[in-house]
Number of protein chains: 2
Amino acid sequence: MIQPLPQPLSGVFAAVLTPQKPDLSPDYPAFVAHGKWLLAQGCHGLGILGTTGEANSFSVDERIRLMEAAVQGGIDPAKLMPGTGCCAITDTVALTKRAVALGAAGVLVLPPFYYKKISDAGLYRSFAELVDRVGDARLRVYIYHFPAMTGLETPIAVIARLREAYPGVFVGLKDSGGKWEHMEALLRAFPGFGLFAGTERYLLATLRAGGAGTISATTNVTGGAARQVFDAYLQGSTDVEAQQERLTAMRAAIEAYPLVAALKSIMADWSGRPAWKQVRPPLDLLDAAAEAKLLAAVGAAGLSLPKAA
Amino acid sequence: MIQPLPQPLSGVFAAVLTPQKPDLSPDYPAFVAHGKWLLAQGCHGLGILGTTGEANSFSVDERIRLMEAAVQGGIDPAKLMPGTGCCAITDTVALTKRAVALGAAGVLVLPPFYYKKISDAGLYRSFAELVDRVGDARLRVYIYHFPAMTGLETPIAVIARLREAYPGVFVGLKDSGGKWEHMEALLRAFPGFGLFAGTERYLLATLRAGGAGTISATTNVTGGAARQVFDAYLQGSTDVEAQQERLTAMRAAIEAYPLVAALKSIMADWSGRPAWKQVRPPLDLLDAAAEAKLLAAVGAAGLSLPKAA
C-alpha cells in the first residue's frame, strides 16, 4: 500500500473534469481514465469533485459513487482531495465521512454557500460541526475559498480560530479568489499552511512564498507544463521563470472562456471523443465559433495533446 | 377531498420556519403543528422549505420527509408550495416529483445557484430539463427569484421562452429581489401571472397590479394581519391602506434582523417553547441583547401572539 502524501499536501493538483453520458449521468469509467491520465501527465494529485468537476450539479449519491469509482478503479486514494462542501451540513458530513473512509488525503470544503452575509460565528460553526460530526482523526480539511461563486469571504480570524480549536485538521486552503495579496496574507498568518493557488498563474509565486502549489481547472490540460514549473522550482533551475511565463500563457488562452465548457472542448479535440462535450445545466457548452477560436488560441500558446507518458 | 386551489395560486403564503431538535434534525411534529397554526391564523397557503425554512441546509431525504410529514400530518397538500430548487438537477427532480406526487399545488424553484454568470441558455435549460424529467402534467412551477442569495438574475426573456415552450407550467414567480419595478415589469409582461411579492410590504401593491399575493418570511408571525389586508382589498374596504401601513410597520420591526433567527426568537417567545431557537449553520441565533430589542420593537409595532383561531 502506498503511503499517504505528507501533510499538508503539495504540488500540482488538477481540478478534475467529470465526464458525462448523454443523459448527463456521470461516465464513471471515463472519469477514472481521465484521472489516471492526469496523474500520468505529471499531476501530483487530483482535486476531484470541485467547481470544475461540477460537483454541486451532482447529487450526494452520485458524488459518493464518483469517489468510490476513482478508488475502485485503481487511483491511489492518498492522491485524492475530493470536494465535499455542500449547503447542507448533513450532506457535507456524509461526503466527508465517505472520503475519509476511502483514504482520501484531504477534503476540499466549501462553506455552506446558499445564505449570504453570514456571521463569523456561523461560518466557524459550519466547519466546527463538520469536524465534530465526522469524528475521525484522519480528517484533513482544505478550506475552499471561492467568493465569486459562494458570495462569501473566509476571514483569517475564523481560520485561526478553527486551527486553534482543531489542531492539525485545517491544514490548508484552495484560494480561488484570484487575489495574490490574499494568498500572501494567508501564508504570513499561517507559516507552513497548505495554500494552493486556484490558478497555475500563481504557481511559482505560491511556491516561493512557502505555499503548497496549485489546484486548477486548467491543469486538466496544462498539468504536464505545470509539473515542469514545480520541478524546476525544486531543482533551483534558472529556467523556472520562463517556464512559468509559458504556463501562464497557456492558462491565458483558456481563461477567457467559461472554463468547464472550454476544457471539455479541448479534451474532446485532443481525445477525438466528442462525448466529452456534455455539461449539466446551468452550465452550457461553447458554440462552434467560440470553440474554434479557443482551440486556435490554445495551439498558439504551445499547448497540445501530450504524448503518452 | 379538498379541491386544489385554482392556478395561479393567490393569497398570503407563509415561508414556513423549520423547527429543529437540539441535534439540528427536523422536528417533524413541531413543523406540522406550526403549519397548521399558520393556516389557522389566516394564511391561504404554506411555502414550506424555502429560504426561511432553511431548505438548502437540509438534505434531500430530510426535505422529502418534511413534505411527507406535512401531508401525513393532515395539512391539505393543495395548500402547499414546497421549495424544490437545488444546485443539482437530479436533486431538484427528486424533490419536485415527490411534491407533485403528494399533491402539492405548486413548487417554488430556485435556479441551480452554485455557478454565477450563467448564460440565458443555461438558465433556460435548467428549468426545461426539470419539466422534461418530472414529466407530469400536474406540475406547476413558481420560479424563485432571489438574486441576493443566488447571485443570479431571472431575465424576463427566459421566463417568456419557458412559458411558450411549456404552456401552463410556469404559472408564477416569488420575487424576493425587493424591487417593486421588477415586480411591475413581470406583471406587465405576463398578465395573469402568479406573482408573489417576497415581502408583505408589497402585498397591497401586488394585488392592485394584478399579482397573486405574498410569500414572506415574516408572515410566520404577521400572517393574520396580512390576511386582513388581503380580505380588505377583496372587499374594497376603504381601510385597506391603513391596514397595509400597519402590516408594513410590523414587517419593518423584524426585517432589520437576520430573519430566520429573529422569527425563531419571536416564536419561542410567543409559544413559551425555547426549543424553537435552533438554526443550522451557517445561520446563527440572535444574542440576548438583540433578541430583547427585537421583541420590544415587535410589541411596539402592535404585533403579539394572536388569540387561538
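The structure is a predicted model, with an ipTM of 0.96 and a pTM of 0.97. For chain A the mean pLDDT is 96, and 98% of the residues of this chain reach 70 or more.

**Relation of the two chains**

- Chain A is superposed on chain B by a rotation of 180° with 0.0 Å of shift along the axis, and the RMSD of that superposition is 0.0 Å.
- This is the relation of a two-fold axis.
- Because 100% of the interface residues of chain A are also interface residues in chain B, the copies meet through the same surface.

**The side of chain A that touches chain B**

- The contact between the chains involves 32 residues of chain A and 32 residues of chain B.
- Helices α3, α4 (120-134) and α5 (147-150) of chain A each contribute at least two residues to the side that touches chain B, and the largest share, six residues, is supplied by α4(A).
- By residue class, this side of chain A divides into 17 nonpolar, eight polar and seven charged residues.

**The sheet of chain B**

- In chain B, seven strands make up an open sheet with parallel pairing, and their order is β2-β1-β7-β6-β5-β4-β3.
- Within chain B, strand β4 (residues 141-145) runs parallel to strand β5 (residues 170-175), and five bridges join the two; Val141(B) stands opposite Phe170(B) in β5(B).

**A helix pair in chain A**

- Helix α2 (residues 60-72) of chain A packs with helix α3 (residues 89-102) of chain A at an angle of about 10°, and their axes are 10 Å apart.
- Since angles under 35 degrees count as roughly parallel, α2(A) is described as roughly parallel to α3(A).
- On the α2(A) side the contact is made by Val60(A), Arg63(A), Ile64(A), Met67(A), Glu68(A) and Val71(A), while α3(A) brings Asp91(A), Ala94(A), Leu95(A), Arg98(A), Ala99(A) and Leu102(A).
- The residues of this contact of α2(A) with α3(A) comprise eight nonpolar and four charged residues, with no polar ones.

Conventions. Residues are numbered from 1 along each chain as its sequence is written. Chains are lettered from A and ligands numbered from 1 in the order in which they are written. This is a predicted model: local features need pLDDT of at least 70, side-chain atom pairs count only at pLDDT 80 or more; totals for chains, interfaces and linings use all residues. pLDDT is the predictor's confidence in each residue, from 0 to 100. Axes are lines fitted to C-alpha atoms, for helices over the stretch in contact, and angles run from 0 to 180 degrees between N-to-C directions. Helices (H or I, at least four residues) and strands (E, at least two) are DSSP runs, numbered from the N terminus. Angles under 35 degrees count as roughly parallel, over 145 as roughly antiparallel, 65 to 115 as roughly perpendicular and the rest as oblique. Two residues are in contact if their C-beta atoms, placed from the backbone, lie within 7 Å. Ala, Val, Leu, Ile, Met, Phe, Trp, Tyr, Cys and Pro count as nonpolar, Asp, Glu, Lys and Arg as charged, and the others, Gly among them, as polar. Two strands pair if DSSP finds at least two bridges between them. Copies are superposed by least squares on the C-alpha atoms of residues with pLDDT of at least 70 in both.
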